[in-house]
Amino acid sequence: MTFPALCTLLAQWAPPEEKGKFSTLVFAGAQVGNILSNFLSGFIMRYIPGGWPNVFYFFGIVSIIWFIIWCMFVYNDPNSHPFISDEERAYLKKSIGRLERKKDLTPTPWKSILTSGPVWALILGGAGHDWGAFTIISDLPKYMSDVLHFTVTENGLLTSIPFLAQWVTSIAASVLADRLISKGLANVTNVRKVYAIIGNLGPALGVMCASFVGCNKLIATLCFTLGMALMGFCYPSLRINSLDLSPNYSATLMGLVNGIGCLSGMATPYIVGILTPNRTVLEWRLVFWIMVIIMMSTSIIFVLFGSGEVQPWDDIKQYRLSENEKDHKDDESNIIQLKSIEDGKTSK
């Protein structure tokens, strides 16, 4: 539920010209969690009496503390927040303007959403990205243990490095994306599509290169790190595209994209377990080839059919009104044509 809720808040708080930077900063927080969890878990298991259960206790307590802080400081929109200045509130109201999420929404236009090409392109692109992300998140520690033979502490430390690189790249890429769009050097759609290709091609090539360097720990870790760093380009692209397509229904779109994408999280560990019974490099290479094919094919679909523009059904009332006006004009045009035909026949 967290990601759809974050989309709703971002629609209220993120100015259009800074949407990429703010949204990426928010969603890339997940990578901070991956960095800390991988880095700290190895030390907790090795040095704190009680072993692996302490990992769950530690992060469970941290989550509870975070939730208390969240409830204290997070508000629905700028108008309800008691701490921001009048200047900041006025700036947000002026900059967000019509893109602010409407309060009097009609029921969700499911038919328009489920028949939208850009929505399905985003769903498939997100599912492909999640396939690669879940493969790496779930199985990178296994690969480093099975093939590279890292210890538990080394595994925790070195597994966190690729996610740190991804976090840094995602922030830098989002700043660049906002500048390209604000200066008119590229439109939103092109930025999202180019970034999606980089964000999917990079990690796919990174893991493939890692599988061909054998047991060279340094080069393999470098390949994983470079690949994951390029995956950071997906944050100012696939991760925030729901806000592009529909600020008013971004939570619904994020629920669809993230929910269907999470099916990858169910499938990848199972498939990896089947394909790597002997835990050899050749078996892992097949896993990575499947990852490459899925990530590249889905990113191509996104490039062909995706969009970065607000869809007409985002404001369904206005959309229906314009459709009715169009139908009315078509009817008037048909009547005029029929009348001219009848007049022609009468004159003859």
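**Figure 1. Salt bridges of the predicted model.** Three salt bridges are counted in this structure, a salt bridge being a side-chain nitrogen of Lys or Arg within 4 Å of a carboxyl oxygen of Asp or Glu. The structure is a predicted model, in which local features need pLDDT of at least 70 and side-chain atom pairs count only at pLDDT 80 or more, whereas totals for chains, interfaces and linings use all residues. Residues are numbered from 1 along each chain as its sequence is written, and side-chain values use heavy atoms, with hydrogens and water left out.

**Figure 2. The salt bridge between Asp86 and Arg89.** The N to O distance of this pair is 3.2 Å. Both residues belong to helix H5 (residues 86-96), where a spacing of three residues separates them by about one helical turn. Helices (H or I, at least four residues) and strands (E, at least two) are DSSP runs, numbered from the N terminus. An α-helix has 3.6 residues a turn, so residues three or four places apart point the same way. Asp86 is exposed, at 59% relative accessibility, while Arg89 is buried, at 18%. Buried means under 20% relative accessible area, exposed over 50%, and partly exposed in between (1.4 Å probe, protein chains only).

**Figure 3. The salt bridge between Arg239 and Asp130.** The side chains of this pair meet at 3.3 Å, N to O. Arg239 lies in the loop between helix H10 (217-231) and helix H11 (241-245), and Asp130 in helix H7 (residues 117-146), so the pair ties together parts 109 residues apart in sequence. Arg239 is buried at 15% relative accessibility, and Asp130 is buried at 3%.

**Figure 4. The salt bridge between Asp244 and Arg192.** Here the N to O distance is 2.6 Å. Distant parts of the chain are linked by this pair, with Asp244 in helix H11 and Arg192 in helix H9 (residues 188-211), 52 residues apart. Asp244 has a relative accessibility of 1% and counts as buried; Arg192, at 2%, also counts as buried.

**Figure 5. The buried residues of helix H2.** Helix H2 spans residues 19-27, and Lys19, Gly20, Ser23, Thr24 and Phe27 are buried in it. Seen down the axis of H2, these buried residues fall within an arc of 115°, so they line one face of the helix. The arc is that of the directions from the helix axis to the C-beta atoms.

**Figure 6. The setting of the close-up views.** The protein has 15 helices and zero strands. Of its 348 residues, 45% count as buried.
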